[in-house]
Amino acid sequence: MAEKVLMKGNEAIAEAAIMAGCRHYFGYPITPQTEVAAYMAKRMPKIEGGVFLQAESEIAAINMVYGVAATGKRVMTSSSSPGISLKSEGISYIAGCDLPALIVNVQRGGPGLGGIQPSQSDYFQATRGSGHGDYHLIVLAPASVQEMASLTFKAFNLADKYRMPTMILADGTMGQMMEPVSLDMGEVETYEKPWALTGTNMEREHNIVNSLSLVPEELEKFNFERFEKYKAIEENEALCEEFMMEDAEICIAAFGIASRVSKNAVIEARKQGIKAGLIRPITLWPFPKKAFAKAADKVKSFISVEMSMGQMIEDVKLATECKKPVTLCNRAGGMIPSPEQVLEAIIEANKGGDK
Amino acid sequence: MVVFDKPHALTDAPLHYCPGCTHGIIHRLVAEVMDELGIEGKSIGVAPVGCSVMAYNYFGCDMIQAAHGRAPAVATGIKRADPSKVVFTYQGDGDLAAIGTAETVHSAARRENITVIFVNNAIYGMTGGQMAPTTLPGQVTQTSPYGRDVSVAGYPVKVAELLSNVDGAAYIERVAVNNVKNINKAKKAIKKAFQNQIDGKGFSLVEVLSTCPTNWGVTPEKALTWLEENMMPYYPLGVYKDIYAEEETK
């Protein structure tokens, strides 16, 4: 077994990105993700070809990412909720030009300037594409510092594989907490990038990276083609963890730190004789629809445990085609639900099922 | 025998610019410079949003289209990813001096080793002639129908003057393409801005006073006169900053 090191979540993201071959980081300070930038500022100048640049704004940072992505090199930025709103125009361009890049969102409470405590209220923004136009990001939601590292590494591979932006959707807790991490990350996958801007060297036609398409028939075609790709991703890349689901009657849906709290509540409910289980989406887009569809035929009801006013609950209802009741157990504004609150929701749901 | 030919660095794509617009001249100058410096094969150009959005079709080098105002940030990313490439932006006044002011000033402040071709025609052309950051006081546009009232709309931004105060900027010159003499000067300035990058000298910007007969509502010929009589007094031509020339004279 690989040796483990004690790391902060934000630092684990940064180190895993470097291990994935990312040599270009552009960011702008914002709590609670600044450690990613600080770590990159320290490490990048010591690595051959490493670039750390603090941009003048989140907007500039994402456009620098766009520039590097167009050259075919691995690149990332990180921010927190308000900063992701600013980056969203750029993310739309990156998606519209079919470029690989990683965007990290260590979420905080909103809307507006909100607060600096952990939140999951950017779920819609992340899974519905954040900026303008029809597009998706592959969205990965870590629930441990280990996953902050391993999913970051995976996100770079997926971005290159499908030529599209990917996102790590973490939260302030995941960013700030420390846990032991194995940095045994596996293999960096490499893909041919004939579309990249590398200079024609007077040997080929010029490459153009562009999302402008004034002929609607053409633009429609590009959209349809992109969604064919998305269909394949939905088929092949959805990931989730199922916990005590074999005989579960009450199914919790929760991701990130909310899933850790929910796991404790499930264990406690089992001690009280209630057959509770948990499905933890690891990919938020594509949403693990099949796991929920399967559960919908077996359980009595679902509880969506979220640190928002209820956003993922819509995907749970869609995936289960509303076959069973879905209730919301939530905190918002930077608050984290307690295991007791989730347990209470399980007990309540269990009563409901007996009626 | 001298044969007047199309520069290699210009593609065969027909330009979409309006009759009499001087974008075509400026495109040609950039392409001639690329040919003369032999850099087409290692150049990467960044097209803006505005009239020159489709510049990616016209230059033979690798090209990317940037979000409105963000071309210097995109160029920064490309240049940092591969410093051996020659990276330039081609931007209009709305793009560079309004929505993209921060990117312009900060790429200059970083002495980012890129070349910026800034086309100033005192109007938003692509969207049909609205007031630009460089629209002159009193100038009539679609969104200043009674003439630019500085008490309401504020004053034009003088980009060359502004950037000459930024420590990081290496070379800033304002030129015009209103007559042959000035076109030759403009080409010299553009060539220097590219040569600076090749020599690793850092942020070089050439502001080119340009015409927009369509949205100024005048003939191409009158537009040249309008540029001379109105723009040139407000935006004087000349070298505003050249840190290496300053060093040489010390």
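Arg128(A) and Asp315(A) form a salt bridge, with 2.9 Å between the closest N and O atoms; the term denotes a side-chain nitrogen of Lys or Arg within 4 Å of a carboxyl oxygen of Asp or Glu. The model is predicted, so local features need pLDDT of at least 70 and side-chain atom pairs count only at pLDDT 80 or more, while totals for chains, interfaces and linings use all residues. Residues are numbered from 1 along each chain as its sequence is written, chains are lettered from A in the order in which they are written, and side-chain values use heavy atoms, with hydrogens and water left out.

Chain A is assigned domain 1 (4-236) and domain 2 (241-354), the bounds coming from an automatic or database domain assignment. The centres of these two domains, taken over C-alpha atoms, are separated by 28 Å. Their contact (heavy atoms within 4.5 Å) draws on 33 residues of domain 1 of chain A and 29 residues of domain 2 of chain A.

Between them, the two domains of chain A bury about 2,500 Å², 56% of it on carbon and sulfur atoms. Buried area here is the accessible area (1.4 Å probe) that two parts lose on being put together, summed over both. Gln120(A), Tyr123(A) and Glu234(A) provide 29% of the area that domain 1 buries against domain 2, more than any other three residues. Five salt bridges are found across this domain interface.

The second interface lies between the chains. Here the contact involves 34 residues from chain A and 36 residues from chain B. Chain A and chain B together bury about 2,600 Å², with 62% of it on carbon and sulfur atoms. Of the area that chain A buries against chain B, 20% is supplied by Glu56(A), Met202(A) and His206(A), more than any other three residues.

Two salt bridges are counted between the chains. Arg204(A) forms a salt bridge with Asp62(B), the closest N and O atoms being 2.7 Å apart. Several elements of chain A give at least two residues each to the side that touches chain B, among them helix H3 (58-70) and strand E9 (208-209); helices (H or I, at least four residues) and strands (E, at least two) are DSSP runs, numbered from the N terminus. H3(A) makes the largest contribution to that side, eight residues.

Strand pairing also links the chains. E9(A) runs parallel to strand E2 (residues 62-65) of chain B and is joined to that strand by two bridges, pairing being assigned if DSSP finds at least two bridges. Within E2(B), Met63(B) is the bridge partner of Ile208(A).
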